[in-house]
Amino acid sequence: MYRDEPMIFWKQVLWSDESKYNLFGSAGKIMVWRTSTEEFNPKCTVPTGKHGGGNVKVWRCFAWNGVGNLIFVDGNMTGEMYKEILVENLFQSSKKLQLGKEMVFQHDNDPKHTSRVVKNSLDKQYVKRLIWPPFSPDMNPMEHLWDELERRMKKTPAKNEKELRETLQAEWKNIGQDVTNKLVESVPNRLYECTRMKRYPTRY
C-alpha cells in the first residue's frame, strides 16, 4: 500500500508522534530518548535517585515544508487529552506548513490514537489519515527527526526541567527545511525496504 504514490502525495503528509525526555541529577545529566510505546523497555530506562531530575513529555509534528508545533504534555495522556492536542494543533500546524485541503495525517496505532473519541473528532473534521501498519517504526521518518533533535540537544545540555523545555522548543524550531525535505524524500525507499525485508529490521 502507498508504494506507487508520487512524491507530491508524501509532501502533503503531516507526520506526528509523542516522546518522553528524562533529566537526572544536577552534575551528570542523562537524557533518555524513547517512543511512547517503549516506556518500560529496559534498554530505554535508567536507574533513578531520590533527588534531582525531571522529565517532559511532548507531542510534535512535521511535514515536507518544515516542523510544526511541539507541545508539552502534562500528566498521563488519555484519548480525550490527545483529541484536544489535535484540535488545537493539527490544523494550526497544517496551515503553518501550507498543506492545504490535501493534508494527510499520520499517527501510529497507539490505543489513544485509535480511541473512539479521537476517531470521531478526526472524522467530524474530515481529516484524511494514512493507514498505518502495526509495529512499523522503520516507516516513520519522525524517528530520524528525533535523532537530529537529540544531536542538537547534546550541544546545549539542560540543567533542569525548565531549561530542558526551553532548549527543546528552541532546537526544534531551528530544524530547517533541508532536514525535513530529506526525511520525506526517504519515504518511498522506506516502503520498499519494509516490503523487501518482510517484517525484518531495515537499514532505517
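Predicted model: local features only at pLDDT ≥ 70, side-chain atom pairs only at ≥ 80, totals over all residues.
1. Start with the pair H4 (residues 142–155) and H5 (residues 161–173). The two helices pack at about 120°, and their axes sit 10 Å apart. Angles over 145 degrees would count as roughly antiparallel and 65 to 115 as roughly perpendicular, so H4 ends up oblique to H5. The crossing of the two is right-handed.

2. Who touches whom here? From H4 come Met142, Leu145, Leu149, Arg152 and Met153, and from H5 they meet Leu164, Thr167, Leu168, Glu171 and Trp172. By type, that contact splits into seven nonpolar residues, one polar and two charged.

3. Now the cores. The largest nonpolar core holds 29 residues, and Trp15 and Leu145 have the most contacts inside it. Two or more residues each come from helix H1 (7–10), strands E1 (13–23), E3 (54–63) and E4 (66–73), and helices H4, H5 and H6 (177–185). H4 is the top contributor, giving five residues. A separate core of 17 residues lies apart from this one, with Leu14, Tyr82, Leu90 and Leu97 among its members.

4. Last, have a look at asparagine 65, in the loop between E3 and E4. Is this residue buried, exposed or partly exposed? Its relative accessible area is 27%, so asparagine 65 counts as partly exposed. Beyond its neighbours within four places in sequence, asparagine 65 contacts Leu97, Gln98, Gln177 and Thr180. Its C-alpha atom is also 9.6 Å from that of valine 184, a residue 119 places away along the chain.

Key
Residues numbered from 1 in each chain as written. Heavy atoms only, no water. Axes fitted to C-alpha atoms, helices over the stretch in contact; angles between N-to-C directions. Helix = DSSP H or I, 4+ residues; strand = E, 2+ residues; numbered from the N terminus. Parallel < 35°, antiparallel > 145°, perpendicular 65-115°, else oblique. Left-handed = near helix turned anticlockwise from the far one by under 90°. Contact = heavy atoms within 4.5 Å. Nonpolar A, V, L, I, M, F, W, Y, C, P; charged D, E, K, R; others polar. Core = buried A, V, L, I, M, F, W, Y, C linked by side-chain atoms within 4.5 Å. Buried < 20%, exposed > 50% of the residue type's maximum accessible area, 1.4 Å probe, protein only.
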